[in-house]
Amino acid sequence: MADVELENIKKTYGSFDAVRNLNLKIRNGELLVLLGPSGCGKSTTMNMIAGLTEPSGGRILFDADDVTTKSPHQRNVAMVFQNSLLYPHLTARQNIFMSLKRSGLSRSEIDARVAEAAAIVDVMRQLDKFPAQLSGGERQRVATAKAIVRSPRCFLLDEPLSALDAALRLSLRSELANLQKRLGATMVFVTHDQVEAMTMGDRIGVMNRGELQQIGTPLEIYNEPATLFVAGFVGAPPMNFLRGALLDEGGRRVFVNEWLRLPVGGSFAASAPRAEVILGIRPHQARLAEAGPGCLPVTVYAIEHLGNETIVVCNGPGGDRFRVIAPPGFSASIGERLDAAIDGTKVRLYDVHTERALSPSE
Amino acid sequence: MIGQRFSPWLLLAIAVVLLWTFVPMYWTVKYAFMTKTEVARFPPVMFPHAPNLAAFYNIFGHDYTAADGTVYRASGQWSQIIAGIRNSLFIAVIVAIVTTLVVVPLAYVFARLDFPHKGKLLAAILLSVSLPPVSTLIPFYALYVQLGLVGTRTGLIIVTLTITIPIITWMLIGFFRNLPPIEQLGRIDGFSRLYIFARIIVPMARSGILVAAVIAFLFSWNEYVYAQVLSTASQAVTLPAAMSGFLFQVPEPSHLAASLLVSLLPPFFIAYFLQKHIAELNLA
């Protein structure tokens, strides 16, 4: 296992910047999730770490070893592809064997390692089946065995669970995270599913339009999203946004727009005032209340009962959707006028132009 | 539901299509088992009174004595038919092999790799698919007269390859595009491009390659236009060209029909044994 470091990595296709100036360090034994919508550059980044795609600029280091120009096999990485890609014309055993065919190990040693890898992921009984005869979960396990059999310096997983049904995805997700910790493996996991990212990652790197937006632990990403994109992408139901101005009133910061006057506390209590800001508030940090200061007038659009809580989807006064969490069993009729109270100490503030979070102090 | 699905109009439509398809075929099959006088009778005979195999004996050079003692003489063109079968088989097998050897790597490269001017080269292939073979007939003839290739099997093989290679390349490009990104898996495992192609892609694409070979075979087996012009009355005559003699030189409807049935046998058996693979290729 190795530390993996990306220094100023770029990838351009013609005039299209797939990845822009990416700096990233993946620590030995860490599970780093690259999260982002399709086309954000996360798979390109992974392919560059693997050595399948040559970067247009920058360096890739495994420990102190510069592997930028080395082939995937020389880097000794293992990769699990989308849909747990396997050689369809070979049995599970032969598929795992192919990982070591070019390793120079003796046949008996390879056989021993194949058996060992198969035992770790519990696919001993499926070894003589062809991929088409395996279930989705079994394919995933065989692909994992194929990866671990070579004792790679780094595991790379490219949306391995995306084609599976929800229940299976849930169980394989924890299985993979457990395996990663048991092996102490350095692992990069690419996904567009923010729940997968939050549940599996030691750290998450959120990417959009070829740029790394933020990297941090799942809680940092959730609680302190650094950009408007991260704030909107991570978290379900998504964060609500309001436009307004940030004013200074006797040393206190107040968010003001047509419908709302909200004193801002918490991390933005000392941010520089400005005419245009975007305020973000998670649905869990707003509640329905009696009309009063710090309350936003909303009308009910839809009610979503989740059992343990209720998502009240409202139309804000500006026409944007505004979601509020209510206790289970909450009921209201569509079109009903309500007031949403916002906790001014839990809000996030973003610059309209840079779309980055305001700095906590002037 | 069932009543709706089998409405009288639908049944009528099915009946029309079936008649449309099968009556001409039946007409030909019927001829093969009839005597020349029966064929010439008017109004036409729907069912042969005494079906016989005379035509099949005759086209292979044997006399046939009917139950009533009439003797049907061997066809004067029987040696052409025998030579035609031999030449057609030989040419079709060579064309199938060469086409496959050329087309599989070619289509793979177009489907899976990027290289300069790929779009233009693809357009060139499509252009040669869209050219009607007749349009190159005269140029080929003129060229072959000078090169001494008229009436040779080599000449026919070359000319048939100019048709099969572009069409089958075009077919296989789609097939290769639909394969999963298995090359990346192979590169992670440390295999060379050549190894990945020869030992991973080719075995994976077995069905497609087999079907490509069969289609090349059938193209060549059925090819008539070039064969008629370049091989008729030569050592290299092919079966379709030889058969056409029964139509043009001395009209012999029952001999023509019998040789047609013989010429249908190889495609019939091939289609029968390969239906599984053809379905797998999913040309849609």
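Analyst: You'll find Leu10(B) in helix H2 (residues 8-32) of chain B; helices (H or I, at least four residues) and strands (E, at least two) are DSSP runs, numbered from the N terminus. Two notes on the source: this is a predicted model, where local features need pLDDT of at least 70, side-chain atom pairs count only at pLDDT 80 or more, and totals for chains, interfaces and linings use all residues. Residues are numbered from 1 along each chain as its sequence is written, chains are lettered from A in the order in which they are written, and side-chain values use heavy atoms, with hydrogens and water left out.

User: Which residues make the nonpolar surface patch of about 660 Å²?

Analyst: Phe6(B), Leu10(B), Leu11(B), Ile14(B), Leu18(B), Phe22(B) and Met25(B) make that patch. Patch residues have over 30% relative accessible area and no salt bridge; nonpolar side chains (Val, Leu, Ile, Met, Phe, Trp, Tyr) are joined within 5 Å, and like charges within 9 Å. The areas come from the Shrake-Rupley method with a 1.4 Å probe, and for residues only the protein chains shown count as cover.

User: How do I read salt bridges, and how many are there over all chains?

Analyst: Side chains of opposite charge can pair when their charged atoms come close. The rule asks for a side-chain nitrogen of Lys or Arg within 4 Å of a carboxyl oxygen of Asp or Glu, and that gives 24 salt bridges over all chains. Take Glu7(A) and Arg59(A), whose side chains meet at 3.3 Å, N to O. Glu7(A) sits in strand E1 (residues 4-13) of chain A and Arg59(A) in strand E4 (residues 57-62) of chain A, so the pair ties together parts 52 residues apart in sequence.

User: What links Lys146(A) to Asp189(B)?

Analyst: A salt bridge does, with the closest N and O atoms 2.5 Å apart. The pair crosses between chains: Lys146(A) is in helix H5 (residues 136-148) of chain A, and Asp189(B) is in the loop between helix H9 (182-188) and helix H10 (193-204) of chain B. Lys146(A) is buried at 5% relative accessible area, and Asp189(B) is buried at 1%.

User: How do I read cavities, and how many of 30 Å³ or more turn up in the whole structure?

Analyst: Rolling a probe the size of a water molecule over the atoms shows where empty space is left. On a 1 Å grid over the protein atoms alone, a cavity is a set of points where a 1.4 Å probe fits but cannot get out; lining residues have an atom within 4 Å of a point. Points are joined across faces, edges and corners, and a volume is the space filled by probe spheres set on them. The search finds five cavities of 30 Å³ or more. The largest has about 70 Å³ of space, and its lining includes Ser88(B), Trp221(B) and Glu223(B). H5(B) gives the largest share of that lining, three residues.

User: What lines the second largest cavity?

Analyst: Val80(A), Thr144(A), Ala147(A), Phe155(A), Leu157(A), Leu176(A), Leu179(A) and Met187(A) line that cavity, which holds about 40 Å³ of space.

Note on methods: Buried means under 20% relative accessible area, exposed over 50%, partly exposed in between (1.4 Å probe, protein chains only). On a 1 Å grid over the protein atoms alone, a cavity is a set of points where a 1.4 Å probe fits but cannot get out, and a pocket is an open set with protein on both sides within 12 Å along at least five of seven lines; lining residues have an atom within 4 Å of a point.
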